[in-house]
Amino acid sequence: EGPAPHWLTGLRRAIRLPALWLLSLHVFLVYVAYCGVVYFVPYLRDVHALPAALTGLYGIINIYGLRMLGGPLGGYLADRFARSALRYALWAEAALLPLLLLLLWMTGRGAHIGFAMCVALMIGFLVFTLRGVFWAPMTEIGIPEELAGSAFGIGCLVGYSPAIFAFAFYGSLLDALPGEAGYRAVFGVMIAACLAAMLVARALLRRVARAAAVPQA
């Protein structure tokens, strides 16, 4: 047999990169949380009795405001303040956690509509900034430039896979647990994903620090 095609050789090399699988897992977890943001509109409407006019306003801000600005702002914050996309991801996830816990605590306690809406918007903003930078660490974690295409393909296959099942899973929780209990379950899954993403981000940062500490030949 002749030598393997160049693209297949690159794919094999990319598959053997542990850092790529960690980054893909991180994207996977962030995407699980992102899918949960979709349910904030029915949550605000059903649990906090958000009026139709405010529901429309929330949707406009969320879709045309935060979603459009989240990516550029996430990149700016990562470059300007964190100096690292991974470090920014860890900071954003650390900020997400108390907000999600607050949303979980508010459910069923008659929180003010405006306050609940603000918390939901802050969560959405942080998640959208994370979406804007979650592939940025490819170079930071040491993915060779010549493998960038193969690595990104593998990463997308793993990282975006929640789009296949997350919405159905969240929907099944809401069907099985009608009312506030279903939303509590959704927020619980988002909290678990956020915690796990923080652990993976820390593991990646440790790998980067160890690599930086090794003297270059």
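How many of the 217 residues of the protein chain count as buried? The share is 46%, where buried means under 20% relative accessible area, exposed over 50% and partly exposed in between (1.4 Å probe, protein chains only).

Before you start clicking, note that this is a predicted model, in which local features need pLDDT of at least 70, side-chain atom pairs count only at pLDDT 80 or more, and totals for chains, interfaces and linings use all residues. Residues are numbered from 1 along each chain as its sequence is written, and side-chain values use heavy atoms, with hydrogens and water left out.

**The whole chain.** Show the cartoon: you will find nine helices and zero strands, with helices (H or I, at least four residues) and strands (E, at least two) taken as DSSP runs numbered from the N terminus. The C-alpha trace spans about 65 × 40 × 30 Å along its principal axes.

**The core.** Next, select Phe40, Tyr43, Leu103, Ile123, Tyr170, Phe187 and Met190, which touch the most other members of the 70-residue largest nonpolar core. Such a core is a set of buried Ala, Val, Leu, Ile, Met, Phe, Trp, Tyr and Cys residues joined through side-chain atoms within 4.5 Å. Among the elements giving two or more residues to this core are helix 2 (18-37), helix 5 (85-106) and helix 9. Helix 9 gives the most, with 14 residues.

**The charged patch.** Stay on helix 9 (residues 180-213), and pick Arg202 there. Together with Arg206, Arg207 and Arg210, Arg202 forms a patch of positive charge on the surface. Patches take residues with over 30% relative accessible area and no salt bridge, joining like charges within 9 Å and nonpolar side chains (Val, Leu, Ile, Met, Phe, Trp, Tyr) within 5 Å. Arg202 counts as partly exposed because its relative accessibility is 45%.

**The nonpolar patch.** Move to helix 4 and find Ile60. Ile60, Ile63, Tyr64, Met68, Leu69 and Leu73 make a nonpolar surface patch of about 620 Å²; accessible areas come from the Shrake-Rupley method with a 1.4 Å probe, and for residues only the protein chains shown count as cover.

**The salt bridges.** There are two to visit, each a side-chain nitrogen of Lys or Arg within 4 Å of a carboxyl oxygen of Asp or Glu. Select Glu146 and Arg13, whose side chains meet at 3.4 Å, N to O. Glu146 sits in the loop between helix 6 and helix 7 and Arg13 in helix 1 (residues 6-15), so the pair ties together parts 133 residues apart in sequence. Glu146 is exposed at 57% relative accessibility, while Arg13 is partly exposed at 38%. Finish at Arg45 and Asp46, which meet at 3.1 Å, N to O.

Terms used: Lys, Arg positive; Asp, Glu negative; His and termini not counted. Charge placed at Lys NZ, Arg CZ, Asp CG, Glu CD.
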